[in-house]
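Dear colleague,

I am handing over the structure below, together with notes on what came out of going through it. Please read them with the model open beside you.

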Amino acid sequence: MGYCPQFDAIDELLTGREHLYLYARLRGIPESEISRVAEWGVQKLGLSEYAGNCAGTYSGGNKRKLSTAIAMIGCPPLVLLDEPTTGMDPHSRRFLWTAILSIIRDGRAVVLTSHRFGGGYVVTMKIKAAKAGLTPDLGPAESFMESSFPGCIQREKHYNTLQYEIATSSLARIFQLVLTNKERLNIEDYSVSQTTLDQVFVSFAKQQSGEEDTVPPHLRASGPRREKKISPLPRVTSKNR
């Protein structure tokens, strides 16, 4: 299990790279692979420019990056991240989210906690077709949301995706109802999150422009940064005995 605490537990006299070497050893990475695994952590979190500097000189955002890299070292099957983006600028925050998404795609679990502004929850559901070749039927899921959560607001509706904003309901009740009806409604996957400032901004921008999918050119992301492909796992070699 990897863990990034809310308050950075780092040694200010060690460099970022030395931290990754230390935790790689603690996780049992073979000595011959530690350098490569540490470099993976440096690149994964965008610390190349500061890896040789003492952690005590890092900005708050770079300390969070280092703490997250430490949590990811050795590819633990479960990673716990407590407020990993605290103190980060928007670019660094997006870079970190990309790194987190990549470890999820590797088939590992991430538990993330973060303070949010705004009330209520956002429920996003992906509906699968009843049979191959058919168009997903969103009607039953829409009826379920309207009857189970009176006053909920449908924010998005696409080919196979629904998104609702629920103003008042307990988080446990949302999970219980959705999970209980998952098979009946052909829900392929779903997520429940609190309203974020990004979502508030997007909603406000849509109301002002009157266009559902308009994004000003100067706000468009330039795309994810490319990184050198380095595996976080040690190479397994066989030895003849």
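Two strands are taken to pair if DSSP finds at least two bridges between them, and helices (H or I, at least four residues) and strands (E, at least two) are DSSP runs numbered from the N terminus. This is a predicted model, in which local features need pLDDT of at least 70 and side-chain atom pairs count only at pLDDT 80 or more, while totals for chains, interfaces and linings use all residues. Residues are numbered from 1 along each chain as its sequence is written, and side-chain values use heavy atoms, with hydrogens and water left out.

In strand 7, Val-192 is the bridge partner of Val-123, and strand 4 (residues 121-127) runs antiparallel to strand 7, joined to it by seven bridges. The open sheet of four strands has the order 5-6-4-7, with antiparallel pairing. Strand 5 (153-157) and strand 7 (187-194) stand at its edges with a single partner strand each, so one side of each is left without a neighbour in the sheet. On average, neighbouring strands of this sheet are turned by 20° against each other, direction ignored (axes are lines fitted to C-alpha atoms, for helices over the stretch in contact, and angles run from 0 to 180 degrees between N-to-C directions). Helix 5 (residues 139-148) packs on the sheet, touching strand 4, strand 5 and strand 6 (161-166), and its direction makes about 5° with that of strand 6; contact here means heavy atoms within 4.5 Å. Helix 6 (residues 171-180) lies across strand 4, strand 6 and strand 7, running at about 175° to strand 7.

Elsewhere, strand 2 (residues 78-82) and strand 3 (residues 109-113) run parallel and are joined by five bridges, with Val-79 partnered by Val-110 in strand 3. The chain passes from strand 2 through helix 4 (residues 90-105) to strand 3 in a right-handed β-α-β crossover, meaning that, with the strands pointing away from the viewer, the path from the first strand over the helix to the second runs clockwise.

Gly-46, whose phi is positive, near 70°, follows helix 2.
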